[in-house]
Amino acid sequence: MIKQIVDNKRQFMKLLLLADEQENMIERYLERGELFVLEEEEEVKAVCVVTDEGGGVFEIKNLATAPEHQRKGYGKAMVQFVSNHYRDQGHTLLVGTGDSPLTLPFYEACGFVISHQIDNFFTDHYDHPIYEGGKQLIHMIVLKKALSE
Ligand SMILES: CC(C)(COP(=O)(O)OP(=O)(O)OC[C@H]1O[C@@H](n2cnc3c(N)ncnc32)[C@H](O)[C@@H]1OP(=O)(O)O)[C@@H](O)C(=O)NCCC(=O)NCCS
């Protein structure tokens, strides 16, 4: 149900843009990252890109569930798959996200806890203001989860 995509990763750009709305930011991690796709009934329901940050640390750079399939457990299933996949290769899974009521509760429901904040990440790296749930994203909140969990 979840498979890794090696060739033509850009074919999933439409879904990847749901989680990261600026294409040149996605290009910073898409090639070096590993892309996983959750497919059911021949339809792609969710995508995820994970990078190897070195020293046993892996990072979810992008995770998106197709809008019509959100809140059905696909995002959580993807996090569980990724945790299992990297368990033998490292100790920590990170994810950076905006200070958003749409995403923080999701990651907390998946077992992540807040680690630290990268000040002004969204205002420094994006060419336009990013809004989520009516709120402008300024700082990146980095969450962590032990891969052994
Ligand atoms: C965030 C996202 C990936 C969650 O995926 P999903 O498949 O809808 O999530 P799940 O159905 O697996 O949710 C698991 C649990 O997380 C929590 N959760 C998920 N979305 C939530 C929301 N919008 N508000 C509050 N809690 C939420 C709930 O506890 C949920 O369990 P429940 O549905 O039984 O209450 C999805 O909403 C999405 O693609 N959003 C747009 C892209 C994005 O912002 N990506 C994250 C930034 S990298």
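How many nonpolar, polar and charged residues does the shell around the ligand have? In this predicted model, whose residues are numbered from 1 along each chain as its sequence is written, local features need pLDDT of at least 70, side-chain atom pairs count only at pLDDT 80 or more, and totals for chains, interfaces and linings use all residues. Side-chain values use heavy atoms, and hydrogens and water are left out.

**View 1. The shell around the ligand.** The ligand is surrounded by 19 residues (a heavy atom within 4 Å), and the closest are Thr-65, Arg-71, Gly-73, Gly-75 and Lys-76. By class, eleven are nonpolar, five polar and three charged, with Gly counted as polar and Tyr as nonpolar. Helix H4 (104–109) is among the elements that each supply at least two shell residues, and the largest share, four residues, comes from H4.

View 2. A nitrogen atom of the ligand lies 2.8 Å from a backbone N or O atom of Leu-63, while polar backbone atoms of Thr-65 and Gly-73 are each 2.7 Å from an oxygen atom of the ligand. On its own the ligand has 920 Å² of accessible area (Shrake-Rupley method, 1.4 Å probe), of which the protein covers 77%.

**View 3. The largest pocket.** The ligand sits in the largest pocket (more than half of its atoms within 2 Å of the grid points), a pocket being an open set of points on a 1 Å grid, for a 1.4 Å probe, with protein on both sides within 12 Å along at least five of seven lines. About 1400 Å³ of space lies in this pocket, and its 47 lining residues have an atom within 4 Å of a point.

Notes:
A polar contact is a pair of N or O atoms within 3.5 Å; within protein, one must be able to donate a hydrogen and the other to accept it, and residues adjacent in sequence count only if both atoms are side-chain atoms. Grid points are joined across faces, edges and corners, and a volume is the space filled by probe spheres set on the points.
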